Amino acid sequence: MTRKRRDPRAELLALTVSEQPRRRIARGAAPAPGGRRRRDPRAERAGAAVQVGARRRIDWSGAALAHPGHRGDLETAAAAGPSVRIIDEPAFMVLVVLDQPDGEMTDHDRQVIAAGRILADAGGGAVAALSAGIEREADLGAAGIDRAMKVDFEPFAGYCPEQRAALVLAAVDSLKPRHVLFAESPSGGADLARRVAAATGERLFPGVRTLTPAQAGRRARGGSSELSRAPARLMSISPDAFPPLEDVRHEARPIPAPVPALPASPGIRSARLLETDPDRLSLAEADFIVSAGNGLADWEAFAELAEVLGATRGGSRVVCDAGHLPRDRQIGASGTLVTARCYFALGVAGAPQHLQGITEVKHVIAVNTDLHAEMIKRADLAIVADAQAVMPALIRHARERRRERGGHG
């Protein structure tokens with residue numbers, strides 16, 4: 001008796017074929033009797049798409065399809081920008097003391113406001129600004145302010161720390177804020193924060209770099225460690241610690257400014273900034289650094305350029321090993337970690353140890369003949385040229401600008 005051989009393919013085909021095979025249905029056609037309409041994700045996406053301005057957005061809720069007459073309202077709302085956020089009854093207040101050295105908000109002021117929003121938004125609070133300037137309510141609202149307490153800038157245009165402190169104390173007494181934030185800036189915010197802390201008897205937590213509703217952190221031990229604690233009532237915010245807010249609109253409702261009890265005779269009648277030698281500053285404190293690398297040969301021009309720009313000199317390990325600069329001028333993992341606002345590298349190739357030393361630098365300008373140098377890649381602005389040719393041109397340009405300004409700056 002001959003046994004019939006199995007045909008696995010035929011068995012598999014018999015299992016997969018139904019009694020009434022499915023038919024592919026054209027888009028929009030009715031299904032065949034007994035068949036199933038297949039989903040067409042492209043058609044669903046096209047039907048759910050809502051045109052908002054020049055950008056298509058997907059509304060999976062189907063609300064726009066249910067109310068097609070609302071599409072024009074969506075387009076109008078998109079053109080008008082974000083809606084104004086209004087907080088009528090805040091649970092608490094966060095007072096932000098704007099620095100405004102020239103009567104206008106600085107980038108640092110906007111960063112302090114962003115820090116205030118972190119604290120206020122977590123618990124239904126509002127941010128109030130003490131503004132001694134000419135800012136409009138719309139500008140304050142775009143920065144994230146809910147309440148605007150404005151005073152005349154003229155009495156505070158000069159150096160009057162005691163009057164400013166009296167104004168802040170009056171605002172604190174009026175609003176009873178949960179937190180008061182200052183700008184940790186040399187233009188007045190740092191000094192003002194410490195005066196208010198001394199007058200209230202409260203401890204100031206200065207130089208905040210990290211902030212959550214439950215914890216504030218700052219650098220300690222020369223930047224080698226970080227100190228964290230619960231957010232204090234008085235805090236000052238380091239520059240560039242928090243990005244300014246974008247695409248927000250808050251009410252910036254004007255509220256009356258308190259009338260401070262100004263001192264009858266100020267203890268300090270006048271003050272001015274004293275010129276200091278930038279090379280006497282430590283690299284860790286310098287705000288503008290001109291750095292030399294192995295590609296630099298004209299050391300007299302390097303010193304002259306640093307003097308004209310008012311910058312602190314620094315260098316790579318190779319430069320310090322060769323004796324062109326003292327050892328305390330070395331920048332990098334084995335030298336000093338710098339946090340300058342501007343770092344100008346001349347002939348620095350960019351070894352890994354050197355790049356580690358400038359991690360916290362905000363703006364890097366590099367001059368190098370090698371287009372593929374690591375420092376060129378790291379730079380915000382790069383000049384592919386010989387540093388010996390660039391330095392004299394910069395010196396001439398800087399001296400011309402000084403003459404145009406009448407010898408100042």
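Leaving aside neighbours within four places in sequence, with which residues is Leu-211 in contact? In this predicted model, where contact means heavy atoms within 4.5 Å, Leu-211 touches Ala-115, Ile-118, Leu-119, Ala-216, Pro-231, Met-235 and Phe-242, apart from those neighbours within four places in sequence. Residues are numbered from 1 along each chain as its sequence is written, and side-chain values use heavy atoms, with hydrogens and water left out. Because the model is predicted, local features need pLDDT of at least 70 and side-chain atom pairs count only at pLDDT 80 or more, whereas totals for chains, interfaces and linings use all residues.

Leu-211 is also one of the residues with the most contacts inside the largest nonpolar core, together with Leu-181, Val-208 and Met-235. A nonpolar core is a set of buried Ala, Val, Leu, Ile, Met, Phe, Trp, Tyr and Cys residues joined through side-chain atoms within 4.5 Å. Buried means under 20% relative accessible area, exposed over 50%, and partly exposed in between (1.4 Å probe, protein chains only). The largest core has 28 residues. At least two of its residues come from each of β3 (93-97), α5 (107-121), β4 (126-131), α6 (137-143), β6 (179-183), β7 (204-211) and β10 (234-237). Here helices (H or I, at least four residues) and strands (E, at least two) are DSSP runs, numbered from the N terminus. The largest share, six residues, is supplied by α5. A second, separate core holds 25 residues, among them Met-149, Val-151, Leu-204 and Ile-255. In soluble globular proteins, nonpolar side chains tend to be buried together.

Helix α5 is mostly covered, with eleven of its 15 residues buried; these include His-108, Asp-109, Gln-111 and Arg-117. The buried residues of α5 pack against β3, β4, α6, β6, β7 and β10. The expected span of a helix is 1.5 Å times one less than its number of residues. For the 15 residues of α5 this gives 21 Å, which agrees with the 21 Å between its end C-alpha atoms.

Nine strands form an open sheet with mixed pairing, in the order β9-β8-β7-β10-β6-β3-β4-β5-β11. Two strands pair if DSSP finds at least two bridges between them. Strands β7 and β10 pair in the parallel sense over three bridges, and Ile-237 in β10 is the bridge partner of Val-208.

Gln-330, in the loop between α10 (317-321) and β14 (342-346), counts as buried because its relative accessible area is 4%. The side chain of Gln-330 makes a polar contact (a pair of N or O atoms within 3.5 Å; within protein, one must be able to donate a hydrogen and the other to accept it, and residues adjacent in sequence count only if both atoms are side-chain atoms) with the side chain of Arg-327, at 2.6 Å. Not counting residues up to four places away in sequence, Gln-330 touches several residues, including Leu-283, Gly-315 and Cys-320. Asn-368 lies in strand β15 (residues 363-368) and is buried, with a relative accessible area of 11%. A polar atom of the Asn-368 side chain lies 2.9 Å from the backbone nitrogen of Asp-370.
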